[in-house]
Amino acid sequence: MPDRADTYPALLELTLARLREFIREPEAVFWVFVFPILMTCALGVAFRSRGDQSSVVAVVDGPGRAAVEAALTGVPGITVSTLPPGEVDRALQRSDVQLVIEPGTRPTYRFDPTRAESRLARRAVDEALQRAAGRHDQFTARDQPVETVGSRYIDWLVPGLLGMNIMSTGLWGLGFSIVTARTRKLLKRLVASPMSRRDYLLAQLFGRLVFLVVEVGALLGFSRIAFGVPIHGAWTTLAITCLVGALSFGGLGLLVASRARTVEAVSGLLNLVMLPMWLLSGVFFASSNFPAAMQPFIRALPLTSLNESLRAVMLEGADLAAIGGRLLLLAVWGVVSFVAALRLFRWR
Amino acid sequence: MSESALRCRGLQKRYADVVAVAGLDLEVTRGECFGLLGPNGAGKTTTIEILEGLTSPDGGDVEVLGERWGQGRDRQLRARLGIQLQETQLNEKLSVEETLRLFRSFYPRGRRVDDVLGLVELESKRASWVGKLSGGQKQRLAVGCALVGDPELLFLDEPTTGLDPQSRRQLWDLLTRFRAGGGTVLLTTHYMDEAEILCDRVAIVDLGKVIALDTPRALVASLGAEHVVEFRLVDRSLAPTESTLAALPGVRDARPEGDAWALATSEVHLAVPALLDTLRTRGATLSHLTTHSATLEDVFVSLTGRHLRDA
C-alpha cells in the first residue's frame with residue numbers, strides 16, 4: 001500500500017473545495033460580483049445629473065395665472081405647469097410638483113420645506129416674481145459650474161458600496177455555506193475524520209480572500225471606467241484595508257454561523273447583524289446624520305471603520321498610519337469573532 | 001495489541017424523553033464483520049455514533065482499537081477509522097475525485113485516490129459532480145471516503161438503505177474486497193439478508209438492548225426449526241386453535257401473524273400434510289400457503305413478536 005499522499009495539504013484542499021463550491025453556484029456568483037456593479041450603475045446614474053434636475057412648479061388656475069406664468073418663463077431649473085384648484089393637495093402629496101403657487105398681489109407658496117428641491121424651487125420662483133414686480137438686482141453674478149472628480153456623490157458612494165459588499169459577501173458567503181454543510185450533516189462527517197477543525201474554519205476565511213480580489217477589482221474597475229471614480233491613495237494601502245475588512249467580516253460570519261441549525265435561522269441572524277450597519281455605517285448617506293448620542297456606538301461598528309478607512313484611502317489619499325486605528329478596531333472584531341466561533345462552533 | 005477491535009460495556013444514552021441505548025454490551029474481534037440488526041429506532045445509530053466518538057454516552061465504557069475517546073488522542077484514533085454516516089450528503093458541486101482527494105488530505109497515511117476509485121467502482125464517474133450520481137453511486141462514494149485512510153476498522157450505518165438490489169450487491173462486493181485485506185467492519189442494518197450474507201456475527205438489537213448475539217447460522221438454528229410455513233384461510237372463523245396447530249406432527253411452534261398463521265418446523269414434509277388434513281376435517285379453505293427457510297427475520301419475530309420492517 002503506497003503511503004505517498006496524492007493530494008495537497010488539508011488546508012489547501014479545504015480551501016479549493018470552498019472555491020469550487022462557490023464558482024459552481026451561478027446564483028452566488030451573481031450576488032457577489034454582478035449585483036454590486038448593477039447597484040453602482042443604478043445609483044451612479046440616478047445621482048449623476050443631480051445639479052441640472054429641474055423642479056416642477058404648478059400655478060393654480062384662476063385670476064393672475066397668466067402673469068405669474070409669464071414671469072416664470074425662461075427661469076433656469078424650473079418647469080411650469082397649471083393646476084386646477086381642486087387638485088393642489090393631491091399633487092403635493094404625490095410629489096408630482098415641488099411647489100404650488102397661488103397667484104395674487106401677495107402670492108402664496110405651498111411646499112414641503114424638508115425637501116431640498118422644494119426649497120430651491122421656492123427661492124427661484126420668488127426671485128423671478130420679485131423681479132417681475134419691479135425689484136432691481138444690484139449686480140448679476142457670473143456662474144461657473146464645477147464638477148470636481150473626487151467630490152461628487154458617486155465618489156463618496158463607491159467606497160461605501162465596496163465596504164458593504166465586503167461585509168455582505170463575508171457574512172452571507174460564510175454563513176450560508178457553513179449552515180448548509182451543517183444541515184446536510186457534512187460537518188459531522190468531516191469531524192468524524194481526523195480533519196483539523198481549525199483548518200476547516202481557516203479554509204473558509206482563505207476562500208473568501210480569493211473572491212475578494214475579484215470582487216473588489218470588478219467594482220473598482222467598473223466605477224473607474226463608467227464614472228471615473230478616482231483612487232488617490234496607494235494601491236497597497238487599499239488592498240490591506242480590503243484584506244483586513246474581509247478577514248474581519250469573515251470572522252464575524254463564522255461566529256454568526258457557529259450555532260445556527262437551519263438556513264432560516266442563520267438568515268435571520270445575518271439580517272440582524274447587517275441591517276444596523278447598512279443604515280448607520282455610512283453606506284448611502286453619512287453617519288453624521290444620526291444624533292450625537294449614537295455616534296460612539298456607530299463608530300464602534302466594523303462597517304463604519306471599514307467605510308471610513310476606504311474613503312480616507314480612496315478620496316483623501318490617506319496612508320496606513322492615518323487609518324491604523326480604524327484597521328486595528330476591524331482586526332479586533334475579526335480575531336475575537338474567530339476565536340469565539342472556534343469555541344462555540346456546533347459541528348453536528 | 002488487543003485482540004478485540006471494539007468493546008463496549010453497559011452503554012447508555014438517553015435523549016429528552018426516550019432511552020435510545022439501555023445498557024448495551026458488545027465485543028468485536030479484529031478481522032470480523034459484525035452486524036447490528038434491528039428495526040428503525042432500536043438504538044443502532046446512537047450506538048454506532050457513540051462507538052465512533054461522535055456522541056458521548058450517558059454511561060458505560062467504550063474501547064476502540066485499544067483506545068478510549070477524549071484522552072487527547074482522538075485525532076490519531078480517527079486516522080485509523082473509516083466512518084460512513086447514515087444521513088451525510090456530500091457536497092454536490094464537487095466531483096467524485098475532488099471529494100476523495102479532500103478526504104484523503106485529512107489522513108496522514110492511506111490509500112491512493114486512484115486505488116479507492118477502483119475499489120468502489122467509480123473510475124468512470126471520476127469527473128462527475130456528486131449531485132449527478134445515483135443513490136448507489138453516492139453510497140459507494142461515501143464508503144470510498146471512509147476507505148481513503150486505509151482504516152483498520154470500518155463503521156457503516158445502514159449502508160444499503162434505499163438502494164436497489166443491484167446497488168446493494170455492488171456494495172456487498174466492495175465490503176468483501178475490504179475484508180479480504182484484513183479489515184474489521186461494524187455495520188448496522190435492518191435488512192436480515194444483508195446481515196446473513198455479510199456478517200460473521202450478528203447482534204439483534206431492540207429497544208436499546210442486545211437481545212440475541214451469535215453467528216447468523218446459530219441464531220437461525222436457535223429457532224429449532226429451519227422452515228416456516230405460512231397460511232391464510234378464506235374464512236378465519238374456521239381456523240384451528242394455536243395449541244391444535246402447535247401439536248401437529250413436525251410443528252415446533254405456531255403463532256398468529258395478522259390474519260395469517262406461521263408454523264415453525266424442521267419437517268415440512270410432515271407438517272404440511274398434517275395441516276391440510278386438519279383443515280379439511282374442519283371444512284376450512286386455504287387462500288394462501290407458502291413455506292420458506294427460516295431467517296433472522298423469524299428469529300426477531302420469535303424474540304419480540306414483531307417484524308423488523310414494521311416494528
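Predicted model: local features only at pLDDT ≥ 70, side-chain atom pairs only at ≥ 80, totals over all residues.
Local features are given where pLDDT is at least 70 and side-chain atom pairs count only at pLDDT 80 or more, while totals for chains, interfaces and linings use all residues. Residues are numbered from 1 along each chain as its sequence is written, and chains are lettered from A and ligands numbered from 1 in the order in which they are written.

**View 1. Chain B as a whole.**
Chain B contains eleven helices and 13 strands; helices (H or I, at least four residues) and strands (E, at least two) are DSSP runs, numbered from the N terminus. The C-alpha trace of chain B spans about 75 × 45 × 35 Å along its principal axes. Of the 311 residues in chain B, 43% are buried. A residue is buried if 20 or more other C-beta atoms lie within 10 Å of its own, exposed if 12 or fewer, and partly exposed in between, with C-beta atoms placed from the backbone. Among contacts in chain B between residues at least 6 apart in sequence, 71% join residues at least 24 apart. Two residues are in contact if their C-beta atoms, placed from the backbone, lie within 7 Å.

**View 2**
Two strands pair if DSSP finds at least two bridges between them. Axes are lines fitted to C-alpha atoms, for helices over the stretch in contact, and angles run from 0 to 180 degrees between N-to-C directions. Strand β1 (residues 4–15) of chain B is joined to the antiparallel β4(B) by five bridges, and B:Leu6 stands opposite B:Val64 in β4(B).

**View 2. Helices α3(B) and α5(B).**
Helix α3 (residues 96–104) and helix α5 (residues 135–147) of chain B pack at an angle of about 25°, with their axes 9 Å apart. That makes α3(B) roughly parallel to α5(B); angles under 35 degrees count as roughly parallel, over 145 as roughly antiparallel, 65 to 115 as roughly perpendicular and the rest as oblique. The crossing of α3(B) past α5(B) is right-handed. A crossing is left-handed if the near helix is turned anticlockwise from the far one by less than a right angle, and right-handed if clockwise. From α3(B), B:Val96, B:Thr99, B:Leu100 and B:Phe103 meet B:Leu141, B:Gly144 and B:Cys145 in α5(B). The residues of this contact divide into five nonpolar, two polar and no charged. Ala, Val, Leu, Ile, Met, Phe, Trp, Tyr, Cys and Pro count as nonpolar, Asp, Glu, Lys and Arg as charged, and the others, Gly among them, as polar.

Six bridges pair strand β10 (residues 227–233) with strand β12 (residues 260–265) of chain B in the antiparallel sense. B:Phe231 has B:Trp261 in β12(B) as its bridge partner.

**View 3. B:Ala246.**
B:Ala246 belongs to helix α9 (residues 242–246) of chain B and counts as partly exposed, with 15 C-beta neighbours inside 10 Å. Leaving aside its neighbours within four places in sequence, B:Ala246 is in contact with B:Val251, B:Asp253 and B:Ala254.

**View 4. The interface of chains A and B.**
In this interface, 26 residues of chain A are in contact with 27 residues of chain B. On the side of chain A that touches chain B, α1 (10–23) and α7 (186–191) of chain A each supply at least two residues. The largest share of that side, six residues, comes from α1(A).
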